[in-house]
Amino acid sequence: MTNSTQTKLYPEIIEFIEECLTREHPESYLISILHKLQERHGYLTREHMYEVAQRLQVPASVVSGVSTFYHFFRLKPRGRYAISICLGTACFVKGADKILEAFRKKLGINMGETTKDGLFSLENTRCLGVCGLAPVVTINDKIYSRVTPQQVPDLLSRALAD
Amino acid sequence: MPKVLEKFQQIKQEILKEHLPHYDSGKIIIQVGSATCENAAGADQVRAEFRKLLAASGRDDIVIKQTGCTGRCSREPIVGVYFPGQFPFKYEQVTLPKVQEIFQQHVLAGKPVLPLILDKKTSNLYSRVVTLCSMAAPRYAEQDHWADILEQRLKAKGIPEGTVRIFTGCSLGLYSQEQSSTNMGMIVFPQKTVYTFSTEAELDAIIQSHFIEDKILKANLAAMDPLIKRFISLYGDVAFFNKQTRLTLRNSGIIDPEDLGDYIANDGFEALAQTLEHNDPSRVIDAINRSGLRGRGGGGYPTGRKWQDAIASTDPIRYVICNADEGDPGAYMDRSTLEGDPFSIIDGMIIGAFAVGARQGFLYIRAEYPLAIRRVETAIAKCRAAGLLGKNILDSGFDFDLDVRLGAGAFVCGEETALMLSIEGKRGQPRLRPPYPTQSGLWGHPTVINNVETWSNVSVIIRHGAEWFSRLGTEKSKGTKVFALAGKVRNSGLVEVPMGTTLKEIIFDIGGGVPEGRTLKAVQTGGPSGGCIPAGLIDTPADYDSLAQAGSIMGSGGMIVLDDQDCMVATAKFFLEFTQDESCGKCVPCREGTLRMLEILERITQGHGQMEDLDKLERLGRLIQKTSLCGLGQTAPNPVLSALKNFREEFIIHIQEKRCPSHKCAQLIRYEIDANKCTGCTLCARRCPVSCISGTPRQPHVIDQERCIKCGECFMVCKFEAVHKK
Ligand SMILES: Cc1cc2nc3c(=O)[nH]c(=O)nc-3n(C[C@H](O)[C@H](O)[C@H](O)COP(=O)(O)O)c2cc1C
Ligand code: SF4
Ligand code: SF4
Ligand code: SF4
Ligand code: FES
Ligand code: FES
């Protein structure tokens, strides 16, 4: 076990892991722990994952296996404004590809990349369950509905102004 | 009084005592939608604005409440205003200025703001609204026929036009009356009187008594189910609920999903209390069996049989799981229920757990639904605090608790064996079945896994009876199904109808048809595991067997409407890209096979396809179907195979003419400049990234087709609509 002076994990995460260890099937909380960690830190680092493995008493390979299997986990930092374009069916049918194209052109980055200044990153999601308002884009946690390619520059400047 | 029921009554009274003012509390209620969809449309700000106005008004007889969504995505944000004892009003697409108007004119001054009313169906204040319905089975032609007769008779009796509004539909498949093939039902608002009749003479008698003499005609009064009675009293939105039957969505958009009192006041947990009082698991399983309920997650396996399978094992440790992974990208039925009525899922799960002897249950919710997760966690905590979850529930001796586990963006984890591994904290890779989860599931113990909608139906079946439930729907598909209508349809949103309602009724009568004067091309059901049903088969009833016969599947309820501007090759490719991306990679046919199919489709959409590619796609598709390990691979070829079957011609045009008739496939679009319209402004030539447009200023320009990379820039920038897509 890493001793506490070396720890890189956040105290609340450590506390959560300790709590899980008192429950039945502690290893089953791995995904929940990674969710909390990502929410706190923005993405999963190797050091963090290694420490989670040690504290939860599971092999490090299990933790990295899980973190790479699930698309939701990010292994590198995202931009300050994470733009996520829904590429679910309803959004696709309503022209999500054109929205994506507009963001790509405007930001000069591809899906999965972050602008050099670290401000914007481009991601996709498969359906946020608001298909009735397609096409949708989220910037950080805010959902924008019925987006048109023409609105893209405006969305970016609004995000910056927030 | 028996022990459990007594305990339940005690809890109920306690909760209701502290319960927020309810619809019959004598207060004016402003109800604002609160769901992911509502908030995306701006409901958050609307609620805040009402709060501000209310605070400023200093009134204490007005209450603001929240509710889940009613599935009316295209009309959100929706606001309801309830005056005690009056017909409820609902407003659509409420913006901040509209909040002002509604608050000042309606809430404070009592005058409804008619132009803002939902569906704008009420252009004046009708003194009465009538809904005609054909009882359990939709018989639309008959409804229309009776509506005509009713209209004539009212006129003949001298009732002025425009004072009675007539709707038809089967909003009320839920009478406690025997199903009859000749009876019609009729609700009259605002009195909420429900009549049945089967002859013109009876209809005349009702008109004479109710509309002329203002007396209720007792002889024809229908016995009403409490569920539908409550529904009628709370819903202002008659027009849309026309032709729908809301069972799963019975509370969504009516109650406050975070308020246990609201759920309990609306009949919640009654079924649970009854079940625990009888203390006989076989009674529950028997009822579920007789109801004919089948799994709503896609497979359609009989729910009662699944529960029976689970108790066949002697292993004393058993689990129940709610599959709330809702993976179909383009479906949102489950999200709406999770956000709008989480208690109903918990209610069903406790009953199910009791039936199969489980002590612990899990709800596996996809991480993309943060509000749903929060609502479910709140609901669980409130149930625990009230003694509805935990040890010795309602003094029955039965222990059961629930835990939420989150998905993490893997579609394959909706598959039951993968889902269970994911709950165990592992990579969600499916395994071979058998053993089925009911034999060996979570940590090797028998596990019952059901979909959100399946669980939500359990308590209504127990409460109102298997026979009552099985009257709805068709021979082999009982009850109702919620569909998520999206795509090229006017009223996108959730629709709940009796199984067997035709696609045409869903898309045209309820969905309002295809907008912008376009024509229907196909309906996609079943998401990435399903297929496209061509417009010609629009009369197909939506039930498990008929949809399968039409070459698609029921799936979980996603229904995407495609119009003549949608390319079937591109749509098939879209789904295959999805499944190929989501394949867990465990077995070769799925991992490699879908990649090969995708390569072929890419070739076709780029104009490099060969005719033999079509046979190759079919051969590969059938091979993947037969040899893949799990449902993802086994169904991945479906969208492609069904498109090939129903829209082969379109594939051939892509291959032979190198043309995409619906202008979707970017590489097959040919951009041409219309010399008659081009003013020679030079804009396109300056913007073209490969400088392949030439021409002198003020003269028509031309595109060098050889060098054009089809980026579409010229088409977008031309201000004179001189660039055409061919
Ligand atoms: C690839 C794949 C994805 C699935 N996704 C879901 C899902 O998101 N929700 C769901 O309820 N069932 C899903 N299922 C079906 C489940 O495996 C399982 O049959 C279902 O949850 C059983 O519940 P039911 O009998 O109530 O339908 C999926 C199946 C496969 C093969
Ligand atoms: S069929 Fe596909 S998703 Fe299913 S186990 Fe095989 S590779 Fe994984
Ligand atoms: S932008 Fe339009 S009008 Fe101007 S040169 Fe190009 S085609 Fe002609
Ligand atoms: S489509 Fe793009 S490459 Fe082709 S002519 Fe227009 S601007 Fe140039
Ligand atoms: S497809 Fe984009 S929200 Fe559902
Ligand atoms: S209204 Fe909630 S799903 Fe659209």
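Is B:Glu161 buried or exposed? Select B:Glu161 and look: at 68% relative accessibility, B:Glu161 counts as exposed. (Buried means under 20% relative accessible area, exposed over 50%, partly exposed in between, with a 1.4 Å probe and protein chains only.)

A quick word before moving on. This is a predicted model, where local features need pLDDT of at least 70, side-chain atom pairs count only at pLDDT 80 or more, and totals for chains, interfaces and linings use all residues. Residues are numbered from 1 along each chain as its sequence is written, chains are lettered from A and ligands numbered from 1 in the order in which they are written, and side-chain values use heavy atoms, leaving out hydrogens and water.

**Stop 1: around B:Glu161**

B:Glu161 sits in the loop between helix H5 (140–156) and strand E6 (164–169) of chain B.

**Stop 2: a bridge between chains**

Next, pick B:Asp581 and A:Arg126, whose side chains meet in a salt bridge (3.4 Å, N to O). That term means a side-chain nitrogen of Lys or Arg within 4 Å of a carboxyl oxygen of Asp or Glu. B:Asp581 lies in helix H21 (residues 568–582) of chain B and A:Arg126 in the loop between strand E2 (120–125) and strand E3 (137–139) of chain A, so the pair joins two chains. B:Asp581 is partly exposed at 44%, while A:Arg126, at 15%, is buried.

**Stop 3**

**Stop 4: chain A as a whole**

Finally, show chain A by itself. How many helices and strands does chain A have? Count seven helices and four strands. Colour domain 1 (4–69) and domain 2 (81–161); such bounds come from an automatic or database domain assignment. The C-alpha centres of these two domains of chain A lie 31 Å apart. Of the 162 residues of chain A, 54% count as buried.
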